Amino acid sequence: MDRGNAAVASGIDGLHPAVLRLIAQTCKGGAVHGRWTGVCGGLASDPLAVPILIGLGVTELSSAPALVPEIKALVATLTMEACRAHAAAALQCGSAADVRSLAREFTA
(Lines give C-alpha, C1' and ligand atoms only; values in the text may rest on other atoms or scores of the structure.)
Protein backbone atom coordinates (compact mmCIF):
# COMPACT_ATOMS: atom_id res chain seq x y z
CA MET A 1 0.00 0.00 0.00
CA ASP A 2 1.14 3.49 -0.74
CA ARG A 3 0.42 5.98 2.03
CA GLY A 4 0.59 8.71 -0.61
CA ASN A 5 -2.31 7.18 -2.51
CA ALA A 6 -5.53 8.63 -1.09
CA ALA A 7 -7.54 5.67 -2.38
CA VAL A 8 -5.75 3.18 -0.10
CA ALA A 9 -3.95 5.26 2.54
CA SER A 10 -6.75 4.87 5.08
CA GLY A 11 -6.12 1.12 5.13
CA ILE A 12 -2.55 1.45 6.36
CA ASP A 13 -2.01 0.60 10.01
CA GLY A 14 1.43 -0.15 11.40
CA LEU A 15 -0.14 -2.11 14.23
CA HIS A 16 -1.74 -4.64 11.92
CA PRO A 17 -0.53 -8.11 12.97
CA ALA A 18 0.84 -8.77 9.47
CA VAL A 19 3.00 -5.64 9.69
CA LEU A 20 4.14 -6.63 13.17
CA ARG A 21 5.10 -10.09 11.88
CA LEU A 22 7.23 -8.47 9.17
CA ILE A 23 8.93 -6.27 11.76
CA ALA A 24 9.57 -9.32 13.96
CA GLN A 25 11.09 -11.23 11.02
CA THR A 26 13.27 -8.25 10.16
CA CYS A 27 14.52 -8.02 13.74
CA LYS A 28 15.29 -11.74 13.88
CA GLY A 29 17.09 -11.66 10.55
CA GLY A 30 19.09 -8.62 11.53
CA ALA A 31 20.05 -10.11 14.87
CA VAL A 32 21.43 -13.22 13.15
CA HIS A 33 23.83 -10.94 11.29
CA GLY A 34 24.59 -8.63 14.22
CA ARG A 35 22.54 -5.76 12.80
CA TRP A 36 20.17 -3.47 14.63
CA THR A 37 16.63 -2.73 13.49
CA GLY A 38 15.21 0.75 13.73
CA VAL A 39 11.71 2.11 13.26
CA CYS A 40 11.03 5.75 12.58
CA GLY A 41 8.14 8.10 12.08
CA GLY A 42 4.58 7.68 13.20
CA LEU A 43 4.89 4.12 14.48
CA ALA A 44 7.96 4.92 16.59
CA SER A 45 6.09 7.94 17.94
CA ASP A 46 2.99 5.96 18.95
CA PRO A 47 3.01 5.15 22.69
CA LEU A 48 0.76 2.16 22.02
CA ALA A 49 3.25 0.74 19.52
CA VAL A 50 6.51 1.35 21.39
CA PRO A 51 6.28 -1.55 23.89
CA ILE A 52 5.32 -3.93 21.08
CA LEU A 53 8.18 -2.75 18.88
CA ILE A 54 10.66 -3.21 21.70
CA GLY A 55 9.25 -6.66 22.41
CA LEU A 56 9.65 -7.61 18.75
CA GLY A 57 13.34 -6.73 18.92
CA VAL A 58 13.44 -3.20 17.55
CA THR A 59 16.60 -1.64 18.96
CA GLU A 60 16.25 1.94 17.77
CA LEU A 61 13.28 4.29 17.69
CA SER A 62 13.28 7.60 15.89
CA SER A 63 10.20 9.51 16.95
CA ALA A 64 8.88 12.94 16.18
CA PRO A 65 10.95 15.51 18.09
CA ALA A 66 7.98 16.80 20.08
CA LEU A 67 7.26 13.27 21.34
CA VAL A 68 10.79 12.25 22.31
CA PRO A 69 10.36 13.11 26.03
CA GLU A 70 7.10 11.14 26.23
CA ILE A 71 8.55 8.12 24.43
CA LYS A 72 11.73 8.19 26.57
CA ALA A 73 9.65 8.35 29.75
CA LEU A 74 7.55 5.42 28.55
CA VAL A 75 10.59 3.30 27.65
CA ALA A 76 12.06 3.94 31.10
CA THR A 77 9.05 2.20 32.67
CA LEU A 78 9.23 -0.95 30.53
CA THR A 79 10.92 -4.29 31.03
CA MET A 80 12.08 -6.52 28.21
CA GLU A 81 10.19 -9.46 29.68
CA ALA A 82 6.90 -7.56 29.69
CA CYS A 83 7.51 -6.15 26.20
CA ARG A 84 8.29 -9.58 24.76
CA ALA A 85 5.15 -11.10 26.28
CA HIS A 86 3.08 -8.16 25.05
CA ALA A 87 4.52 -8.42 21.54
CA ALA A 88 3.83 -12.17 21.45
CA ALA A 89 0.21 -11.48 22.39
CA ALA A 90 -0.04 -8.77 19.74
CA LEU A 91 1.17 -11.20 17.07
CA GLN A 92 -1.76 -13.48 17.95
CA CYS A 93 -4.35 -10.76 17.35
CA GLY A 94 -6.58 -10.87 14.29
CA SER A 95 -6.65 -7.19 13.42
CA ALA A 96 -5.05 -3.83 14.06
CA ALA A 97 -8.07 -2.91 16.17
CA ASP A 98 -7.45 -5.96 18.36
CA VAL A 99 -3.79 -5.00 18.73
CA ARG A 100 -4.76 -1.44 19.71
CA SER A 101 -7.20 -2.76 22.29
CA LEU A 102 -4.52 -5.03 23.73
CA ALA A 103 -2.01 -2.16 23.73
CA ARG A 104 -4.40 0.13 25.59
CA GLU A 105 -4.78 -2.50 28.31
CA PHE A 106 -0.99 -2.88 28.52
CA THR A 107 -0.38 0.83 29.02
CA ALA A 108 -3.29 1.33 31.43
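A disulfide here is a pair of cysteine sulfur atoms within 2.5 Å of each other. As background, such a link is a covalent bond joining the sulfurs of two cysteines. Run that search over the whole structure and you get zero disulfides. Before going on, keep in mind that this is a predicted model, in which local features need pLDDT of at least 70 and side-chain atom pairs count only at pLDDT 80 or more, while totals for chains, interfaces and linings use all residues. Residues are numbered from 1 along each chain as its sequence is written, and side-chain values use heavy atoms, with hydrogens and water left out.

Let's stay with the cysteines for a moment.

C83 takes us into helix α4, where it is one of the buried residues, along with H86, A87 and A90. Seen down the axis of α4, these buried residues fall within an arc of 100°, so they line one face of the helix (the arc is taken from the directions from the helix axis to the C-beta atoms). Helices such as this are DSSP runs of H or I with at least four residues, strands are runs of E with at least two, and both are numbered from the N terminus. Helix α4 covers residues 80–91, twelve residues in all, and its first and last C-alpha atoms are 16 Å apart, close to the 16 Å expected at 1.5 Å a residue; that expected span is 1.5 Å times one less than the number of residues.

What do the buried residues of α4 pack against? Their partners are α1 (17–32), α2 (50–56) and α5 (96–107), with contact meaning heavy atoms within 4.5 Å. Take H86, which is buried at 6% relative accessibility: leaving aside residues up to four places away in sequence, H86 touches P51, I52, L102, A103 and F106.

The face of α4 pointing away from its buried side carries the exposed residues E81, R84 and A85. E81 is exposed at 67% relative accessibility, and its C-alpha is 7.8 Å from that of G55, a residue 26 positions away along the chain.

Key
Buried means under 20% relative accessible area, exposed over 50%, partly exposed in between (1.4 Å probe, protein chains only).
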